[in-house]
Amino acid sequence: MKIQENPLPETPEHEAQTSETPEKTKDLPPSPIPVKITPPTPVTPSPVSRVSIPSFTKTPPNELYRKLLPAVLFLLTFVTVMTVLLIYMDTVALGAQQFRLNMSRDYELARIPAESPTLVAYVRQLHLAPRAPRTPPPTPTPTPRVRALDRLLGEMYNGTLVEFLPRGGRDPTAAYLETVRGWSGVAVRAAPRDFLALRGAARALHACLSPTDHPREVSYEEAEGGGGVFRSRVLCLPLLTVLLAADAPRADYTALAGPAAPRALAALPYDRLRLKVIDFRSTDPVALNKTTEVLEANNYTVAATFDDGIMYALKDIRQE
């Protein structure tokens, strides 16, 4: 069975609302149409190795100090090492310069007198030493000087001699007196190699003859094979110092040579010594004349002449 629906009659209010709706719809803005935006797909970059640099601006103070400490320590160590190295190099350079200066300069030890007990003890205890021969030397033969000594002193045994020569081996006259007649004393050489080669009963001394009454320290040059020069330092001692250190102020025979001998003889206090025979070895007429004047003024006379020197003797030598 069909039921018929009858619409309700429209009232005036309904008609009024219906008529107002289109006008309100016209006044409203149109609603936006939604658009679906698809976000872009992010591009993943390929991994790249980068050096990480610490950011000091955003680092806390303690962490900053901890990172800077190794660099500061390295810098301080480097500066310290370089400073020490520079000081060491300067010290070595100054030492080498001072060494070269000392090797080329002569020093006058004028405050030390020749008879100073300290100087005499120093030479006697530290420099005088016997040097026995390694093998028995051959028996030497008498020399013209030995025969001259026999005329002056007689055939003397166990005498005292002083052999003060600048260079060379043992003097034949001194070697004969030591080997055959038992003399003793001191042999002095300035040349280092000749000093090391000294052998015999006499004690050896490495020194040169000082021309004054005080010791000196000088540079000594010795020729080497091939044209070279060997330089060394040598202590020059007054003749009086050597005589006192060797206990020979009354030596029976004293042999001297070298350019310093005339002045060394002039500086001796002859009133405190008694050197019986003085043998000056030289071929320089000026040095010989000067030595003769000095010794004749101190009670000596010319006893014998040789091609290489003059032998002087005390005038009252026979009174002993």
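1. In β5, the bridge partner of Val186 is Arg203. Strands β4 and β5 run parallel and are joined by four bridges. Two strands count as paired if DSSP finds at least two bridges between them. Strands (E, at least two residues) and helices (H or I, at least four) are DSSP runs, numbered from the N terminus.

2. The basis of these remarks is as follows. The model is predicted, so local features need pLDDT of at least 70 and side-chain atom pairs count only at pLDDT 80 or more, while totals for chains, interfaces and linings use all residues. Residues are numbered from 1 along each chain as its sequence is written, and side-chain values use heavy atoms, with hydrogens and water left out.

3. Strand β4 (residues 184–189) is largely enclosed by the rest of the structure, because five of its six residues are buried. Buried means under 20% relative accessible area with a 1.4 Å probe, protein chains only. Strand β4 also pairs with β3 (residues 160–164), in the parallel sense and over five bridges. One of these pairs sets Thr160 against Ser184 in β4.

4. Between β3 and β4 the chain passes through α5, and this β-α-β crossover is right-handed. The term means that, with the strands pointing away from the viewer, the path from the first strand over the helix to the second runs clockwise.

5. Gly182 follows α5 and has a positive phi, near 70°.

6. A pocket is an open set of points on a 1 Å grid over the protein atoms alone, where a 1.4 Å probe fits, with protein on both sides within 12 Å along at least five of seven lines; lining residues have an atom within 4 Å of a point. Volume is the space filled by probe spheres set on the points, which are joined across faces, edges and corners. α5 (172–181) and β5 (200–206) each supply at least two lining residues, and α5 gives the most, with three. Among the lining residues are Pro133, Pro137, Arg170, Glu178, Arg199 and Gly200.

7. The largest pocket holds about 290 Å³ of space. It is lined by 19 residues, of which Pro166, Cys208, Leu209, Pro259 and Ala260 are the closest to its centre. Two or more residues come from each of β6 (208–209) and β7 (216–223), with β7 giving the largest share, four residues. The lining has 14 nonpolar, two polar and three charged residues; Ala, Val, Leu, Ile, Met, Phe, Trp, Tyr, Cys and Pro count as nonpolar, Asp, Glu, Lys and Arg as charged, and the others as polar.

8. Strands β6 and β7 belong to an open sheet of four strands with mixed pairing, in the order β1-β7-β8-β6. Its edge strands, each pairing on one side only, are β1 (107–108) and β6. β1 and β7 run antiparallel and are joined by two bridges; Tyr107 stands opposite Glu217 in β7.

9. Finally, Thr291 lies in helix α9 (residues 285–296) and counts as buried at 1% relative accessibility. Leaving aside residues up to four places away in sequence, Thr291 touches Pro262, Leu265, Phe280 and Tyr312.

Technical notes: Buried means under 20% relative accessible area, exposed over 50%, partly exposed in between (1.4 Å probe, protein chains only). Contact means heavy atoms within 4.5 Å.
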